[in-house]
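Please examine the sequence and the model shown below. The paragraphs that follow lead through selected parts of the fold.

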Amino acid sequence: MLIAGNWKMFKGPEEARRFCLELRDVELPLDVDVVVCPPFVSLESAVQVLAGTEIGVFAQNCHWEREGAFTGEVSAAMLRELGVYGTIVGHSERRQFFGETDETVARRTAAALEAGLQVIACVGETEAERDAGETESVLRRQLSVLEADDNLVIAYEPVWAIGTGRTATPELAHEAHEIVKSVLDVPVLYGGSVKPENARGLLARTVVDGALVGGASLELDSFEAICRAASPS
Ligand code: 13P
């Protein structure tokens, strides 16, 4: 079971440091892998504070070239140098607002894996796509550019559930995760308004291998509660 906190554009270096100091002192369930994904500028303080713990630090994106004239981008090699363990790629906010495509997601994923990073690659349909009955075809298209890998995890994040408080029901998440798993035999996280109140129901599904948590990962209490909900013990 993997619980990853995607901080998005929250928590600068100082706030990240303080949060990680507190997180380090929390007794987290041993059977749950816990990861935080701070913004680039806060990665270093998170890595420093969480060094020697079981808590991993992931970036939120990563470029496919090692270095070059790519203003605003960061490479997998640079992340590795910092002690970062993995990265998210293809988040729907990047697809919606920053022109990320299936093609660029594929390139970022391949390069990150090649460099030895773990990857959480995000897929998910918009509300309009779901209403049009296109969920399965959208997921298949988004996944078609990826290949199974021991270090690859998929996050199913229905766009209509992100930051809206409208979580997918466990049944609906189950259906979507089965589609993902029929294409790629890798762990699949659910993301989209995961909260302490709904985490257990979602995570109880056999095809749900963890959660990618946005808003509720920003507060220690709610993040801890979700990590606990992920542990059957
Ligand atoms: P929320 O948990 O805030 O809905 O965000 C989900 C998400 O996008 C995680 O990557």
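The buried residues of helix H5 pack against helix H3 (76-82), strand E4 (86-89), helix H4 (92-97), strand E5 (118-123), helix H7 (135-143) and strand E6 (152-156). Helices (H or I, at least four residues) and strands (E, at least two) are DSSP runs, numbered from the N terminus; buried means under 20% relative accessible area, with a 1.4 Å probe and protein chains only. Among the buried residues of H5 are Asp102, Val105, Arg108 and Leu113. This model is predicted: local features need pLDDT of at least 70, side-chain atom pairs count only at pLDDT 80 or more, and totals for chains, interfaces and linings use all residues. Residues are numbered from 1 along each chain as its sequence is written, and side-chain values use heavy atoms, with hydrogens and water left out. Just after H5, glycine 116 takes a positive phi of about 95°.

The contact (heavy atoms within 4.5 Å) includes Ala16 and Leu21 of H1 and Val41 and Val49 of H2.

Finally, isoleucine 3 lies in strand E1 (residues 2-6). Isoleucine 3 is buried, with a relative accessible area of 0%. Phenylalanine 223 is 220 residues from isoleucine 3 in sequence, yet their C-alpha atoms are 8.8 Å apart in space.

Note on methods
Buried means under 20% relative accessible area, exposed over 50%, partly exposed in between (1.4 Å probe, protein chains only).
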